Amino acid sequence: MGANDQRTRATKRTIRRAFTGLLRRKPIQSISVKELCASAGISRGTFYAHYTGLYDLLGQLEDELMEAVRRGLGRLLEGAPGEHSLLEVTAELFRTLEANADLCAMVLGSNGDREFAQRLVRLGREYFTEAYRLSFPRATPKQLGYYYAFVSSGCVGLLEAWLGEGMTSSAEEMAALAEGIMRDGMGFFQAKEEG
């Protein structure tokens, strides 16, 4: 790895820290490139060497977080169907989000991008629906779709609450809480399995 690559990564980390810090205080529409550069201690030329503007920066950071989530969930779901429990999959999701806490706070916080939460929900649909199908083979695809819609909205709310409290609970605790809430809401499917 060359010195230029290391410098580029260090500069991007500095910009990321400054940007996420500003977004915690105000919406992107109220941030200027000049303000970001001052906060990061860089020149405008340095910023524009890496990004075309603030929305490009936001998009790249969101894409990084989505890729981290995709990799984390993908690792668990590469094996045989049903090899990993729903708790393991949920815990991996929370661990990935915890490892990217600054980005999560930025995109899911009060000044964040509401569309990003929907992208996260759409990504999760492909992973979690399969886990639900394996757990509840008698449920119809339509029922599983409705269940995912219900659960994903609750999990986004749970994630926002976790971020709001500063992620003081561990990813494993949050996953266990989410699974417990999901499991207790599954009475309809459990009755079908027993019947």
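Predicted model: local features only at pLDDT ≥ 70, side-chain atom pairs only at ≥ 80, totals over all residues.

Tutor: Residues are numbered from 1 along each chain as its sequence is written, and side-chain values use heavy atoms, with hydrogens and water left out.

Student: How are H1 and H6 oriented to each other?

Tutor: Helices here are DSSP runs (H or I, at least four residues), numbered from the N terminus. The axes of H1 (residues 3-25) and H6 (residues 101-108) come within 9 Å and cross at roughly 40°; axes are lines fitted to C-alpha atoms over the stretch in contact, and angles run from 0 to 180 degrees between N-to-C directions. Angles under 35 degrees count as roughly parallel, over 145 as roughly antiparallel, 65 to 115 as roughly perpendicular and the rest as oblique. H1 and H6 are therefore oblique.

Student: Which residues of H6 meet H1?

Tutor: Contact means heavy atoms within 4.5 Å. From H1, the partners are Arg16, Phe19, Thr20, Leu23 and Arg24. On the H6 side they are Asp102, Leu103, Ala105 and Met106.

Student: Is the crossing of H7 and H8 left-handed or right-handed?

Tutor: H7 and H8 pack at about 130° with axes 9 Å apart. A crossing is left-handed if the near helix is turned anticlockwise from the far one by less than a right angle, and right-handed if clockwise. H7 passes H8 in a crossing that is right-handed.

Student: How many residues of the contact of H8 with H9 are charged?

Tutor: H8 and H9 (residues 171-184) pack at about 145°, their axes 11 Å apart. The contact joins Tyr147, Val151, Cys155, Leu158 and Trp162 of H8 to Ala171, Met174, Leu177, Ala178 and Met182 of H9. Ala, Val, Leu, Ile, Met, Phe, Trp, Tyr, Cys and Pro count as nonpolar, Asp, Glu, Lys and Arg as charged, and the others, Gly among them, as polar. The contact of H8 with H9 has ten nonpolar residues, no polar and, for charged, none.

Student: What is the volume of the largest cavity?

Tutor: On a 1 Å grid over the protein atoms alone, a cavity is a set of points where a 1.4 Å probe fits but cannot get out. Grid points are joined across faces, edges and corners, and a volume is the space filled by probe spheres set on the points. The structure holds one cavity of 30 Å³ or more. The volume of the largest cavity is about 250 Å³.

Student: Which residues lie nearest the centre of the largest cavity?

Tutor: Lining residues have an atom within 4 Å of a point, and the lining divides into 16 nonpolar, three polar and no charged. Of the 19 lining residues, those nearest the centre are Leu93, Phe128, Tyr148, Ser152 and Cys155.

Methods:
Helix = DSSP H or I, 4+ residues; strand = E, 2+ residues; numbered from the N terminus. 1 Å grid on protein atoms, 1.4 Å probe; cavity = no way out; pocket = protein on both sides within 12 Å on 5 of 7 lines; lining within 4 Å.
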